[in-house]
Amino acid sequence: MKIVVKKTKEEASAYVAELFSDLIKSKKNAVLGLATGSTPLDVYANLVQKYEKGEISFKDVKAFNLDEYIGISPTHEQSYKYFMNVNLFDKVDINPENCKIPSEFVDHPEQRGNFTVYKDYDEAIYLAGGIDLQILGIGLDGHIAFNEPGEISDYTHVAVLDQSTLEANSRFFDSIDDVPKTAVSMGIKSIYNAKKIVLLALGENKANIVKQMLESAPTGQIPATLIMDHIDLTVVLDEAAASKLNQ
Ligand code: F6R
């Protein structure tokens, strides 16, 4: 694992955007694994700028998003589809047909233990050639995508959101009661199968979980620890998110 600490959130985001643009320049039909939330916002803004300057094109790029809420439509302002359209897809030359979200692949559910699994999404990723570069944020409880503590599934599945995630995400809704309680989420193996992963964590409120993620043994109670031994993982932090390391 490589850990990169940048002074500011802007510098950390620019670093991650560079990883994406380098990939897209070298592989025009790159397959991107994308996240929503506040963490990747500046990364996407940087990529839009690079596109506007003519440095990169998304014409042949494919994108697979990590997750989507269940129960709100793609046009709902808080849906992840809407988020991606507004922050990236509508602003670049990506083909909308190449922008996939897991909630579009729910026709063949399979019951695996406690989980409803949607293998069609993982299969679509596989058939696209696999994810070349996956960006991840991390939840305050250590979740990645919506793999919540103790609620880990290997492949794309229905995830029940933790109370702490509902609280964290309520900032985007009128009230916590409006936050969908379930989502379709890529699983740990879906993520782990990416050829390269970059986990970005920004701000002081992520400092505790970043420390736990980097210093704990792998445990389902801190889902991000389960991907720390990925062969090509870069953890990118700003100084605030890195502030509790080595303490
Ligand atoms: C979003 C996702 C989530 C977020 C995490 C952090 O697609 O999969 O795991 O990355 O909840 O959210 P922010 O970036 O808002 O702190």
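Is Ser153 buried or exposed? Ser153 is buried, at a relative accessible area of 7%. Buried means under 20% relative accessible area, exposed over 50%, and partly exposed in between (1.4 Å probe, protein chains only).

## Basis

This is a predicted model, where local features need pLDDT of at least 70, side-chain atom pairs count only at pLDDT 80 or more, and totals for chains, interfaces and linings use all residues. Residues are numbered from 1 along each chain as its sequence is written, and side-chain values use heavy atoms, leaving out hydrogens and water.

## Around Ser153

Ser153 sits in the loop between strand 8 (133-136) and strand 9 (157-160). Strands (E, at least two residues) and helices (H or I, at least four) are DSSP runs, numbered from the N terminus. Leaving aside residues up to four places away in sequence, Ser153 touches Phe115, Val117, Asn147, Gly187 and Ile188. Contact means heavy atoms within 4.5 Å.

## Overall build

The protein has seven helices and 12 strands. Buried residues make up 51% of its 247 residues. Among contacts between residues at least 6 apart in sequence, 77% join residues at least 24 apart.

## Nonpolar cores

A nonpolar core is a set of buried Ala, Val, Leu, Ile, Met, Phe, Trp, Tyr and Cys residues joined through side-chain atoms within 4.5 Å. The largest has 66 residues; Phe20, Leu34, Phe58, Leu88 and Leu199 touch the most other members. Helix 1 (residues 9-26) gives the largest share of this core, eight residues. A second, separate core of 10 residues includes Tyr69, Tyr80, Ala159 and Val179.
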